[in-house]
Amino acid sequence: MKKVNLLLSTICIATIIVFTSCAPVTIPFKGNYDETFNITSDKPIDEVWSNIIDIFAQKGVSIGVIDKSSGLITSGRTSFLSSYTFEDNNGKLEDKYAFVVVKKLSIAGQQLRPSTIYGTWNVRLKNTSDNKTNININLIVDDVNGQQRNMYGQNVGSPYPMEAKSTHVFERLIAELIK
């Protein structure tokens, strides 16, 4: 009887080890990535509006919705695969120029790389009572998936959902150009 219990205990422990070693492990963000970025400019709203349209064009960001009467500019669905980064062990961005930071996710000790990262920029302009322009910028990253890769760098297996946030690099660029 003792041998059966020992055998069952060993099988249970081995099973737990196998299944937990394959479970996804997510490392939380250490940095602060607030959702909305606010800027106030001394420039008139028409000039700021024109500057933001120019910035979108210069950076190759397509415009999905443009409604000057409500002060709303929304980008089209934008891929960030060419402009993402991770945090290092100290919470610093590995690429300080990337527009998006992705939360690290590993499976069986292998860190996943994103296979898709899509989002939409929302920019809202408002006149203030003292003739300044208030700009709210929000990046909604709504489609981030990572996959394991084989030794040839090809995606294999099912995609895993990942989390990403704006690094505020794009927002600071807008702030510098319109102030």
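Predicted model: local features only at pLDDT ≥ 70, side-chain atom pairs only at ≥ 80, totals over all residues.

Me: How many helices and strands does the protein chain have?

Reply: The protein chain has 3 helices and 13 strands. Both are DSSP runs numbered from the N terminus: helices are H or I with at least four residues, and strands are E with at least two.

Me: Why is I117 called buried?

Reply: Buried means under 20% relative accessible area, exposed means over 50%, and partly exposed lies in between, with a 1.4 Å probe and protein chains only. I117 has a relative accessible area of 0%, so I117 is buried. This residue is found in strand β10 (residues 113-127). In the protein chain, buried residues make up 36% of the 179 residues.

Me: Which residues does I117 touch?

Reply: Contact means heavy atoms within 4.5 Å. Leaving aside residues up to four places away in sequence, I117 touches T78, S79, F80, L81, Y84, V100, V102, V141, D143 and V144.

Me: What makes α2 oblique to α3?

Reply: Helix α2 (residues 45-58) and helix α3 (residues 169-178) pack at an angle of about 135°, and their axes are 10 Å apart. The axes are lines fitted to C-alpha atoms, for helices over the stretch in contact, and angles run from 0 to 180 degrees between N-to-C directions. Angles under 35 degrees count as roughly parallel, over 145 as roughly antiparallel, 65 to 115 as roughly perpendicular and the rest as oblique. The angle of α2 to α3 therefore makes the pair oblique.

Me: Which residues of α2 and α3 meet, and how are they classed?

Reply: V48, N51, I52, I55 and F56 in α2 meet F170, L173, I174, L177 and I178 in α3. By class, this contact has 9 nonpolar, 1 polar and no charged residues. Ala, Val, Leu, Ile, Met, Phe, Trp, Tyr, Cys and Pro count as nonpolar, Asp, Glu, Lys and Arg as charged, and the others, Gly among them, as polar.

Me: Which residues of α3 are buried, and what do they pack against?

Reply: The buried residues in α3 are V169, F170, E171, I174, A175 and I178. They pack against β2 (36-41), α2, β10, β11 (133-149) and β13.

Me: How do you know that β6 and β7 pair?

Reply: Two strands pair if DSSP finds at least two bridges between them. β6 and strand β7 (residues 100-102) have 2 bridges, in the parallel sense. In this pairing, T85 stands opposite V101 in β7.

Me: Why do β6 and β13 stand at the edges?

Reply: The open sheet has 3 strands in the order β6-β7-β13, with mixed pairing. β6 (84-85) and β13 (164-166) each have a single partner strand, so one side of each is left without a neighbour in the sheet.

Me: What joins β3 to β4?

Reply: Strand β3 (residues 63-67) and strand β4 (residues 72-75) are joined by 4 bridges and run antiparallel. I63 stands opposite S75 in β4. Their hairpin has 4 residues between the strands, and G71 takes a positive phi near 75° there.

Key:
Residues numbered from 1 in each chain as written. Heavy atoms only, no water.
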